[in-house]
Amino acid sequence: MKLKKAMILFGTVCILNTMVAGCGSGSESAAKTEETQVEEASPEEFNNAPRKDVDGSTEEAQENTAGKWQVLEPDVASAVDADFLGKVWKMEEDSFFIVEREVKILDDGSSVYSSPSSDADIPDSQLIHVVFEEDTRFYLKDTDENEEGHENKEAGFQDLKEHMYVEMKGSFKNDEFHASEIRFF
């Protein structure tokens, strides 16, 4: 009889230990999952992070490793045929400032764009200074209502106006975008 009680007690302890170990393992797994989840970051934190290639190696952003603005990811840049997108916010005599225009490529290959309303109050710290050289090419992009068909007509800086959308090729240097080509509409 004592042996039977001892066996039952031993079996119960073993089952409890197995359950505790299983629950502990599950908690550890949940903790690991939480650690690997991507935290939401502000645009400044996101733009300062090094990029990861498909193979997992890190790649520094184009010449602006300490800056808060970065060119588009290669797959997005290829899809929109631009290195950076924006909305003209403020004009100066020989340069202009934009707010970032975000783009998301959907699973079906279509693009969704977002930018602040023209009435929004954007602080100067969130504006991106765009500079260009004499050889920078400007194009006025004619689009139909569905933005499907488009034709680029040669234009100049004088044709650019506030609240126009810009698609630019170039790179960031010290948080200024140095444009080699600017298409606007």
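Is V99 buried or exposed? In this predicted model, V99 counts as buried, because its relative accessibility is 3% and the cut-off for burial is under 20%. V99 sits in strand β4. Its contacts, leaving aside neighbours within four places in sequence, are L85, G86, K87, W89, P116, I122 and L127. H163 is 64 residues away from V99 in sequence. In space, the C-alpha atoms of V99 and H163 are 9.5 Å apart.

The overall fold comes next. The protein contains three helices and 10 strands. Read from the N terminus, the order of elements is α-α-β-β-α-β-β-β-β-β-β-β-β. The chain has 185 residues, and 29% of them count as buried. The accessible surface amounts to about 12600 Å². Carbon and sulfur atoms account for 51% of that surface. Contacts between residues at least 6 apart in sequence were also examined. Of these, 56% join residues at least 24 apart.

The average pLDDT is 76. A score of at least 70 is reached by 62% of the residues. Over residues 25-62, pLDDT stays under 50. The model has 34 contacts beyond four places in sequence for this stretch. Where pLDDT is low, predicted coordinates should not be read in detail.

The nonpolar cores were then considered. In soluble globular proteins, nonpolar side chains tend to be buried together. Here, the largest nonpolar core has 20 residues. Within this core, the residues with the most contacts are F96, I98, V166, M168, F177 and I182. Five elements are named as giving two or more residues to the core: β3 (84-91), β4 (96-100), β7, β9 (165-173) and β10 (176-184).

Residues up to four places away in sequence are not counted. V166 touches F84, L85, G86, K87 and V88, among others. Its contacts also include F96, I98 and L160. I182, R183 and F184 complete the list.

T136 lies in strand β7, which spans residues 128-143. This threonine is buried, because its relative accessible area is 9% and burial requires a value under 20%. Its side chain makes two polar contacts with backbone atoms. One reaches the backbone nitrogen of E133 at 2.9 Å. The other pairs a polar atom of the T136 side chain with the backbone oxygen of A179, again at 2.9 Å. Not counting residues up to four places away in sequence, T136 touches A179, S180, E181 and I182.

Beyond its neighbours within four places in sequence, D81 is in contact with K169 and R183. D81 and K169 are 88 residues apart in sequence. Their C-alpha atoms are 8.2 Å apart in space.

Methods:
Residues are numbered from 1 along each chain as its sequence is written. This is a predicted model: local features need pLDDT of at least 70, side-chain atom pairs count only at pLDDT 80 or more; totals for chains, interfaces and linings use all residues. Side-chain values use heavy atoms; hydrogens and water are left out. Helices (H or I, at least four residues) and strands (E, at least two) are DSSP runs, numbered from the N terminus. Buried means under 20% relative accessible area, exposed over 50%, partly exposed in between (1.4 Å probe, protein chains only). A polar contact is a pair of N or O atoms within 3.5 Å; within protein, one must be able to donate a hydrogen and the other to accept it, and residues adjacent in sequence count only if both atoms are side-chain atoms. Contact means heavy atoms within 4.5 Å. Accessible areas come from the Shrake-Rupley method with a 1.4 Å probe; for residues, only the protein chains shown count as cover. pLDDT is the predictor's confidence in each residue, from 0 to 100. A nonpolar core is a set of buried Ala, Val, Leu, Ile, Met, Phe, Trp, Tyr and Cys residues joined through side-chain atoms within 4.5 Å.
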